[in-house]
Amino acid sequence: MSDVLDARPYDALLLLSFGGPEGPEDVVPFLENVTRGRGIPRERLAEVGQHYHLFGGVSPINAQNRELLAALREDFAAHGLDLPVYWGNRNWAPYLTDTLREMAKDGRRRVLTLATSAYASYSGCRQYRENLADALAALEREGLAPPRVDKLRHYFNHPGFVRPVTDGVLAALAELPAAVRDGAHLVFTTHSIPTAQAETSGPAGGAYVAQHLDVARVIADAVRAETGVDRPWELVYQSRSGAPHIPWLEPDVCDHLADLHGRGVPGAVLVPVGFVSDHMEVIYDLDTEARAKAEELGLPVARSATVGADPRFAAAVRELVLERAAAERGGHPERRTLGALGPSHDVCPAGCCPGRTERPAAAGADSPYA
Ligand SMILES: CC1=C(CCC(=O)O)c2cc3nc(cc4[nH]c(cc5[nH]c(cc1n2)c(C)c5CCC(=O)O)c(CCC(=O)O)c4C)C(CCC(=O)O)=C3C
Ligand SMILES: [Fe+2]
């Protein structure tokens, strides 16, 4: 009995992700789902559609989530954690509402959510919580009792996230020509968001950039310790969309590569620390667009891997589930983190990461659901 892990009060884990198209005919309806009511210029949509068509209309994100699902199930089974894992997306099948309906019909009453976004922000946290609230409302309309849904704390600084990313940076450094390796900069990248959204992210504002800077510093320090070379690092942004007159976080990664080259920096490792898997923003915006820019400049670059379905990340999720379950039972579990910020809150406080309009959001202190 003692080696059976205790997830009570939870009876299921929900892997909640973005979703992506699985063929050319999916691309337009997928983009319509993503951008409904968001004011993205038409030209930008047509351009982003082309990114998907370059890869046969298929985003790798769904396959990556299937792999993560398998890794989680394997890890849980190997460690005697008896907790079913479900998967639902915001923008493509399997849709979140369908998954939550299945969970309700399976009798799941206390659901813990792992979103495939490690940081605070409206786009990376509250928007997922709004989608959860929408799905729960749909179940209620169908006469089903909605389960109670919670969300895991932000995991960007969990050692099981940081270690695989760090190893990825070491592997990418080894891919660079030996002559530029020691002089290369570490260029951490994440999704650009409107500066207004960055300023209001987290319970007290500014969390999005602060969290990325904290984990980037930890990774850069670990790489220095392991290679004996002190490389400069920067945090830059990619995948900007939205109207040009609205300020978004800068500098853009391509502009930054030109800047590094202009300053005589001999090479760079691109580290997509803002993303959990090598999805379209990584394989297009970095591996296609930024790489083309680097080639045009004659700047050697290598790109490090995201955590994906790394077993150490799956183990971190198990640890986070057990941590949260213990806390829900009134205990004081160890909360492992690296860096200066410490563990983020279990429950998003009211008003955390606000959007442009106020909408119901589940899995937080301001949830209309218990
Ligand atoms: C912070 C953040 C993350 C990281 C956290 C997380 O992972 O959630 C993220 C992830 C992703 N974003 C993705 C795709 C898209 N994001 C778009 C648009 C936008 N993203 C934004 C932010 C973020 N996005 C924002 C502020 C917009 C503007 C419109 C709006 O306010 O909503 C658009 C519209 C077209 C465009 O303008 O680019 C698309 C197609 C995919 C799927 C990739 C695949 O298919 O493999 C993934 C994982
Ligand atoms: Fe996005």
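Is Tyr 128 buried or exposed? Tyr 128 has 23 C-beta neighbours inside 10 Å, and it therefore counts as buried.

Good morning. The structure on the screen is a predicted model. Let me begin with the confidence that accompanies the prediction. Across the chain, the mean pLDDT is 96, and 99% of the residues reach 70 or more. For the complex, the predictor gives a pTM of 0.97 and an ipTM of 0.96.

Let us turn to the overall layout. The chain is divided into two parts: domain 1, made of 12-156 + 309-328, and domain 2, made of 159-303. Their C-alpha centres lie 25 Å apart. Where the domains meet, 29 residues of domain 1 are in contact with 24 residues of domain 2. On the domain 1 side of this meeting, H2, helix H3 (61-78), H5 and helix H12 (311-328) each supply at least two residues. H12 gives the largest share of that side, with 5 residues. By class, the residues on this side of domain 1 divide into 15 nonpolar, 10 polar and 4 charged.

The next topic is the ligand. Which residues are closest to ligand 1? Of the 24 residues that surround it, the closest are Gly 20, Ser 59, Ser 241, His 279 and Met 280. Four helices each supply at least two residues of this shell: H1 (27-35), H2 (42-53), H5 (122-141) and H11 (280-297). The largest share, 3 residues, comes from H1. The shell holds 13 polar, 8 nonpolar and 3 charged residues.

I now come to positions taken from a database record. An unreviewed UniProt entry places the feature "binding site" at His 191 and Glu 281.

His 191 is found in strand S5, which covers residues 185-191. It counts as buried because it has 22 C-beta neighbours inside 10 Å. Setting aside neighbours within four places in sequence, His 191 is in contact with Gln 238, Ser 239, Gly 274 and Glu 281. Glu 281, for its part, sits in helix H11. Glu 281 is also buried, with 21 other C-beta atoms within 10 Å. With neighbours within four places in sequence again left aside, the contacts of Glu 281 are His 191, Gln 238, Ser 239 and Phe 275.

The UniProt annotation "binding site", again from an unreviewed entry, also covers Ser 59 and Tyr 128. Ser 59 lies in the loop between H2 and H3. It is buried, with 24 other C-beta atoms within 10 Å. Not counting residues up to four places away in sequence, Ser 59 touches Gly 20, Pro 21, Tyr 52, His 279 and Met 280. Among the residues closest to ligand 1 are Ser 59 itself and Gly 20, His 279 and Met 280.

This brings us back to Tyr 128, which lies in helix H5. Apart from neighbours within four places in sequence, Tyr 128 is in contact with Leu 16, Arg 90, Ala 115 and Ser 117.

Finally, I would draw your attention to some details of the backbone. Which residues are joined by a cis peptide bond? One such bond joins Arg 8 and Pro 9, with omega about 10 degrees. Pro 9 is in the segment before strand S1 (12-17). A cis peptide bond also joins Glu 250 and Pro 251, where omega is about 5 degrees. Pro 251 belongs to the loop between strand S6 (233-238) and helix H10 (253-262).

There are also positive phi values in residues other than glycine. For Ser 121, phi is near 160 degrees. This residue lies in the loop between strand S3 (110-115) and H5, and it is buried, with 25 other C-beta atoms within 10 Å. For Cys 353, phi is near 50 degrees. Cys 353 is placed in the segment after H12, and it is buried, with 26 other C-beta atoms within 10 Å.

Thank you for your attention.

Key
Residues numbered from 1 in each chain as written. Chains lettered and ligands numbered in written order. Predicted model: local features only at pLDDT ≥ 70, side-chain atom pairs only at ≥ 80, totals over all residues. Near = placed C-beta within 6 Å. Nonpolar A, V, L, I, M, F, W, Y, C, P; charged D, E, K, R; others polar. UniProt positions renumbered as here; feature names shortened; annotations may be inferred. Buried ≥ 20, exposed ≤ 12 C-beta atoms within 10 Å, placed from the backbone. Contact = placed C-beta atoms within 7 Å. pLDDT = per-residue confidence, 0-100. Domains from an automatic or database assignment.
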